[in-house]
Amino acid sequence: MNASLNPDKTEWDVIVIGGGPPGEVAAQYATQHSGLDAVLVEKELVGGECSYWACMPSKGLLRPIELVNDAADVQGVTGATVDVAAVLARRDTIVNHHDDTSQVSWATGVGIDVIRGHGRLAGEKTVEVDGARLTARHAVVLATGTRANVPPIEGLREARPWVSRDATNVHEIPRRVVIVGGGVVACEAATWLRGLGVEELTVVEGGRRLLGKNEPFAGDIVGEAFAKAGITVRTGTRVTAVSRPDVNDAGEGLIHGGEVTVTLSDGSTVTADEILVAAGRTPNSDDLGLDTVGLEARGYVAVDDHLTVPGHDWLHVVGDLNGRALLTHMGKYQARIAGENIAARAAGEPAPQADRAPVPQVTFTDPEVGSAGLTEAQAREAGLDVECVEFDLAALAGTYVLRDHYVGRAKLVLDPATDTLVGATFVGSAIAELVHSATVAIVGNVPVSDLWHAVPSYPTISEGWLRLLETLDQQRRGK
Ligand SMILES: Cc1cc2nc3c(=O)[nH]c(=O)nc-3n(C[C@H](O)[C@H](O)[C@H](O)COP(=O)(O)OP(=O)(O)OC[C@H]3O[C@@H](n4cnc5c(N)ncnc54)[C@H](O)[C@@H]3O)c2cc1C
Ligand SMILES: NC(=O)c1ccc[n+]([C@@H]2O[C@H](COP(=O)([O-])OP(=O)(O)OC[C@H]3O[C@@H](n4cnc5c(N)ncnc54)[C@H](O)[C@@H]3O)[C@@H](O)[C@H]2O)c1
């Protein structure tokens with residue numbers, strides 16, 4: 001499909017560049033109750049990285065492995081195994097075989113036009129798509145996301161390493177894999193690659209522990225679980241050089257050549273059949289025409305709390321590209337704000353919404369790591385004199401029946417000045433759905449005295465809340 005949906009039209013109220021979930025939602029919220037019209041400009045697939053190469057395929061691969069791990073840890077349940085071909089086929093169904101027809105139909109069905117092509121700014125309220133010039137009457141939204149960062153390590157690019165797209169769209173399971181990085185992408189990918197049969201798996205993380213943006217105990221617990229699962233973790237170690245004499249262009253998710261030798265900062269080497277780079281993201285801003293409106297030509301594009309670029313009230317940035325929180329749900333939240341603000345301003349009203357949300361995140365390893373709001377370190381950096389409490393989630397009736405060898409921990413970070421929560425972290429299997437209870441408590445500024453009346457059902461993991469409050473009470477009484 002090209003601009004053929006409406007070939008004569010070159011002017012819209014709102015132009016959105018980038019059709020990932022935040023781009024789609026920005027167009028939807030700007031138009032749905034306002035009478036404004038909008039166009040989505042997407043160079044690849046409407047639905048973006050999240051739908052085809054990130055969140056959806058990764059979670060699709062992790063779910064069968066979680067089920068098998070659960071079954072293996074419940075006495076009396078036998079025979080649960082992973083059928084690799086069937087798991088990959090289910091993943092292919094989840095990513096709609098990289099066909100975005102249904103997403104395009106959704107957009108056109110709610111009155112949003114779609115143009116397939118590379119969009120870039122060409123001056124104020126002007127966008128160029130493959131030579132055609134489009135004009136926005138009110139606003140342009142940039143939602144072009146990020147791509148995998150491949151650090152400038154000797155021999156790494158030449159080795160044609162796997163990036164997150166290959167790992168999530170894996171078709172061929174290498175026998176030995178080295179992963180560069182120990183953040184969220186690396187830890188989730190290690191979980192599914194091991195679960196799908198990678199025999200020798202080494203995770204190399206330059207920082208002191210895995211999942212370094214979380215509370216320290218999260219990375220420690222995941223590291224211990226990895227060791228038990230036979231995954232080698234090398235923290236405090238960097239990859240310094242990569243050598244792969246034989247490379248090919250087999251394609252996404254297929255092995256990209258012969259043996260790879262990876263040299264580490266301690267001088268040791270690891271040999272593998274594939275190397276996966278999971279070392280952060282690079283913003284898709286380098287060919288976006290930012291310089292045509294006086295902005296830095298590359299890097300993340302900074303916005304204010306209304307998701308507007310300072311000094312450019314017609315220009316908004318949502319999703320990964322603004323660098324605020326590289327998560328689909330946060331990008332969509334920003335898009336709801338930006339969309340409503342665009343509609344309000346077009347009606348001559350002040351922007352009603354501003355970003356004030358604590359960030360929740362779940363890393364779907366085994367055990368899972370979930371958090372909302374600030375870690376203790378982040379809260380202290382923000383100048384809060386915080387009070388913290390921790391509890392071993394294995395000591396709950398709810399987790400005792402869930403798995404025979406449950407491992408988990410929870411922590412609350414409180415602001416004593418208001419006696420409210422500013423952050424929470426849960427580690428353990430099946431904690432993902434617990435995170436939203438913490439988000440609600442933070443957003444609602446619920447004081448600890450009221451949390452006592454939020455009674456968790458017995459026997460569930462939510463009883464961790466009660467035990468955290470009891471432990472906090474004991475701490476405060478000096479016991
Ligand atoms: C392996 C992996 C797993 C993840 N899992 C999760 C998860 O479980 N939960 C979660 O919340 N987040 C997850 N994330 C993060 C999540 O994928 C991103 O936060 C999210 O995709 C950001 O959305 P976006 O629209 O900003 O960017 P994207 O999803 O990257 O979409 C941007 C779109 O813009 C298009 N585009 C780029 N440049 C142009 C241009 N010049 N013209 C036209 N179109 C353009 C691209 O083709 C793309 O479709 C994961 C990320 C990775 C890598
Ligand atoms: N479940 C989820 O919510 C989910 C899943 C995947 C990704 N994401 C999002 O995607 C983003 C990107 O994830 P990511 O894991 O790529 O980035 P990240 O920043 O979380 O982790 C990258 C890690 O690589 C390490 N590193 C960088 N260069 C290195 C080197 N040369 N040698 C060794 N280690 C090196 C860093 O120290 C860091 O720990 C995250 O911010 C996350 O929010 C979310």
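Guide: The chain is assigned three domains: domain 1 (2-53 + 95-147 + 282-346), domain 2 (157-279) and domain 3 (367-477). These bounds come from an automatic or database domain assignment. The centres of domain 1 and domain 2, taken over C-alpha atoms, are 33 Å apart.

This is a predicted model; local features need pLDDT of at least 70, side-chain atom pairs count only at pLDDT 80 or more, and totals for chains, interfaces and linings use all residues. Residues are numbered from 1 along each chain as its sequence is written, while chains are lettered from A and ligands numbered from 1 in the order in which they are written.

Start with ligand 1. Its shell holds 38 residues, and Gly18, Gly20, Gly48, Gly145 and Gly319 are the closest. A residue is near a molecule or strand if its C-beta atom, placed from the backbone, lies within 6 Å of it. Elements giving two or more residues to this shell include helix 1 (21-31), strand 2 (38-42), helix 3 (55-72) and helix 9 (328-346). Helices (H or I, at least four residues) and strands (E, at least two) are DSSP runs, numbered from the N terminus. By class, the shell around ligand 1 has 13 nonpolar, 18 polar and seven charged residues. Here Ala, Val, Leu, Ile, Met, Phe, Trp, Tyr, Cys and Pro count as nonpolar, Asp, Glu, Lys and Arg as charged, and the others, Gly among them, as polar. Domain 1 and domain 2 both give residues to the shell, so ligand 1 lies between them.

Now ligand 2. It has 27 residues around it, with Gly181, Gly183, Val185, Gly206 and Ala279 coming nearest. Helix 7 (184-195), strand 9 (200-205) and strand 18 (360-363) each supply at least two residues of this shell. Helix 7 gives the largest share, four residues. The class count for ligand 2 is 14 nonpolar, nine polar and four charged.

Next, the record. An unreviewed UniProt entry lists "domain: FAD/NAD(P)-binding" at residues 13-329. UniProt positions are given in the numbering used here, feature names are shortened, and annotations may be inferred rather than shown by experiment. The span 13-329 is 27% helix and 26% strand, and its end C-alpha atoms lie 25 Å apart.

Three strands form an open sheet in the order 11-12-13, with antiparallel pairing. Strand 11 (239-243) and strand 13 (269-272) are at the edges with a single partner strand each, so one side of each is left without a neighbour in the sheet. From one strand to the next, the twist averages 20°. Axes are lines fitted to C-alpha atoms, for helices over the stretch in contact, and angles run from 0 to 180 degrees between N-to-C directions. Two strands pair if DSSP finds at least two bridges between them. Strand 11 and strand 12 have four bridges; here Ala241 has Thr263 in strand 12 as its bridge partner. Four bridges also join strand 12 (residues 260-264) to strand 13, where Thr263 is partnered by Thr269. Strand 12 and strand 13 form a hairpin with four residues between them, and Gly267 in the turn has a positive phi of about 90°.

Now the backbone details. Asp366 and Pro367 are joined by a cis peptide bond, omega about 10°. Pro367 is in the loop between strand 18 and strand 19 (368-373). The bond from Tyr458 to Pro459 is cis as well, with omega near -10°. Pro459 sits in the loop between helix 13 (448-451) and helix 14 (463-476).

Asp419 is not a glycine, yet its phi is positive, near 55°. Its place is the loop between strand 21 (409-415) and strand 22 (420-428). Asp419 has 15 C-beta neighbours inside 10 Å and counts as partly exposed. The cut-offs: buried if 20 or more other C-beta atoms lie within 10 Å of a residue's own, exposed if 12 or fewer, partly exposed in between, with C-beta atoms placed from the backbone.
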